[in-house]
Amino acid sequence: MSAGKYHITSSCIISGNTVYKNEVQVFGQPGTNPGDFLLAVYQHFELNYPKFYKMDSLSKLGWLASEVLLKDCFDKNKYEHEAIGLVLTNANSSLDADLKYWDSVHDMASPSLFVYTLPNIVIGEICIRNGFKGEDALYITPQFDAVFLQQQVNYLLDNDILNACICGWVDMIGGDYKAALFLVEEDEDGIEFEIEELNRIFNIT
Amino acid sequence: MGTNKTDVFIIADNICSPLGRTTQQNFEQIKNGISGVQKHDRPDLSDVPIAASLFKNNEFFVPGTHSYTKFEQLLIASITNALSHTDIKADDPKTGLIISSTKGNISLLETEENNSALQKRIGLNTSAQLIAGHFGFINQPIIISNACISGVMAIVTGMRLIQSGQYDQIVITGADVISKFVLSGFQSFQALSTERCKPFDKNRKGLNLGEGAATVILSGDEKYQGNIRVTGGGITNDANHISGPSRTGQELGDAIIKAMNNAGVKAEDIGLISAHGTATPYNDEMEAKAIMLAGLQKAPVSGLKGFYGHTLGAAGLIETILAKQSMEQNTLLPTLGFQETGTAPLNIINAVSNAAIKHCVKTASGFGGCNGALVLSK
């Protein structure tokens, strides 16, 4: 029904202290911990968004990947904001924030840490930044599951629920992290939105 | 109207809550005005007394020797009961499984040593594999953790997976357990009421938390013609604030309108709104505005958090099942705790009454700015 109709018009991978945009390395800083590295990404791309500093690590990772993904290549006014949405997946839910919140409870439970103990908050942060009001979803999968992602996104695009969808993987636990975001549109250009392509780009690192 | 999609029928369901372990028991308790929300002095959960709907301490849900956590036992008990009403087979390649939860096994952090083995044990993937293995599901479970709309989103996802032909039948289950982790967080937000909550009431002071599990089994088989159907779903994001609801209710209103359009029904067709109604000042005001924006100000509204508290990842499932029960029994359930209008004016039901309900809207909203709505049809 949708074979060949949709294209990946942009991709961003953040993994192993390296940022790739459309499969090209655009930034790297070996030897830093995830927190310092994410801050270095923020500074390198000259982003100016004070809310970034309040985010937990998962939201910082996903938000930065979305900024690089959309930078200079996506006119968000091309679509109704109600027709732009996200389908994200990960394996570790919000466990990174959960552990930090639980450590804090012994002193004083912090609402600003607690709010990040849900894995879909990263989606909320990306929506707030861009004004995206379409359908969104966070699924937990054991590993990156291109078959499942393609199936979900095709449904949303085929049924006109969305016209553009950011989909992919954003996972963070302790020192391990990876983000892989794909912008999928009904467009002439780009890489075919196929399982093999999703897996190939995901595994670029 | 005029949709020619596959009909998706609710063929079995279960609610496992402090009010009872079957849907029927739960429905009867509510009709009799009995609430699961009680005052508790539970130092293991909170330094101060709380009002919440909790299972008894150390209550078991799965008999025999096993290593399932309370969260997993609740899911197993609920699925077992729901499956017992059907002849569907978990190991059929066309049977799916969806699991909805916000925090799963997070309470293990409170009693176990934090290490990589514990982190794996907490993971929802681990629970999902155990549940699938227990029943013999062969398809990989789909896990939804999308804050407080998880249960509604799980049913909408299940409806679509049947309509698209991916599955012939799908078991949709959800649960959350109330732990110190969750309680301390809501306390830090000052979101909890020390009394039983009062959805949509002028004097509402916050929410109660509640424990529970629920299961809905959907099928596309025409032999279930006559059963209540899931006919539409809509999901939106506020793009406004990660923990505060929209000021206008526009986006939840849009989710309701999308769900009604998807179902091919109009506002005047809606005979019941099963509201999210957490009883926090801001949520209920936003939701009332959303209901008005969707043109549903005359539709009867029932909010059940006064009976269950907020059961998080199970809430959308529990409340949808009771809405289905209301439709079958032509009975509107009361919004326990509501006395005086405290939001934009709605038609809030506060006593058990009879009504023929052709179509029902179920709403939900949650942290991250997410909103969900679905439509049930007779």
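Q: A residue is buried if 20 or more other C-beta atoms lie within 10 Å of its own, exposed if 12 or fewer, and partly exposed in between, with C-beta atoms placed from the backbone. How many of the residues of strand β4 of chain B are buried?
A: This is a predicted model, in which local features need pLDDT of at least 70 and side-chain atom pairs count only at pLDDT 80 or more, while totals for chains, interfaces and linings use all residues. Residues are numbered from 1 along each chain as its sequence is written, and chains are lettered from A and ligands numbered from 1 in the order in which they are written. Helices (H or I, at least four residues) and strands (E, at least two) are DSSP runs, numbered from the N terminus. Strand β4(B) covers residues 95-100 and is largely enclosed by the rest of the structure, because the number of its residues that are buried is 6 of the 6.

Q: Which residues of β4(B) lie on each side of the strand?
A: In a regular strand the side chains alternate between the two faces of the sheet. Both faces of β4(B) are covered by buried residues. One side has T95(B), L97(B) and I99(B), and the other has G96(B), I98(B) and S100(B).

Q: Which residue of β6(B) stands opposite I99(B)?
A: Two strands pair if DSSP finds at least two bridges between them. β4(B) pairs with strand β6 (residues 169-176) of chain B over 6 bridges, in the parallel sense. Within β6(B), the residue opposite I99(B) is T173(B).

Q: Which residue of β5(B) stands opposite I99(B)?
A: β4(B) also runs parallel to β5(B), and 3 bridges join them. I99(B) belongs to one side of β4(B), together with T95(B) and L97(B). Its opposite residue in β5(B) is I143(B).

Q: What is the bridge partner of Y139(A) in β5(B)?
A: Strand β5 (residues 142-144) of chain B pairs with β5(A) as well, in the antiparallel sense over 2 bridges. In this pairing across the two chains, the partner of Y139(A) is I144(B).

Q: Which element gives the largest share of the side of chain A that touches chain B?
A: Two residues are in contact if their C-beta atoms, placed from the backbone, lie within 7 Å. By that rule 36 residues of chain A and 37 residues of chain B take part. The elements of chain A that give two or more residues are α3 (95-105), α4 (111-114), α5 (121-130) and β5 (136-140). The largest share, 6 residues, comes from α5(A).

Q: Which residue of β8(B) is the bridge partner of N14(B)?
A: β1(B) has 8 of its 8 residues buried, so it is largely enclosed by the rest of the structure. It pairs with strand β8 (residues 212-219) of chain B in the antiparallel sense, over 7 bridges. The partner of N14(B) there is T215(B).

Q: Which elements do the buried residues of helix α1 of chain B pack against?
A: α1(B) spans residues 23-31, and its buried residues are T23(B), N26(B), F27(B) and I30(B). The helix is followed by G33(B), whose phi is positive, near 75 degrees. In chain B, the buried residues of α1(B) pack against β1 (9-16), α10 (305-308) and α11 (315-329).

Q: Is N58(B) buried or exposed?
A: Most residues other than glycine have a negative phi. The phi of N58(B) is positive, near 65 degrees, and this residue sits in the loop between β3 and α2 (70-83) of chain B. Because it has 6 C-beta neighbours inside 10 Å, N58(B) counts as exposed.

Q: How many other C-beta atoms lie within 10 Å in the case of Q190(B)?
A: Q190(B) is in the loop between α7 (180-188) and β7 of chain B. Its phi is positive too, near 55 degrees. Q190(B) is exposed, and its count of other C-beta atoms within 10 Å is 10.

Q: How far apart in space are A65(A) and K21(A), C-alpha to C-alpha?
A: A65(A) lies in helix α2 (residues 57-70) of chain A and is buried, with 28 other C-beta atoms within 10 Å. Leaving aside residues up to four places away in sequence, A65(A) touches C12(A), I14(A), V170(A), A179(A) and L181(A). A65(A) and K21(A) are 44 residues apart in sequence, and their distance in space is 9.1 Å.
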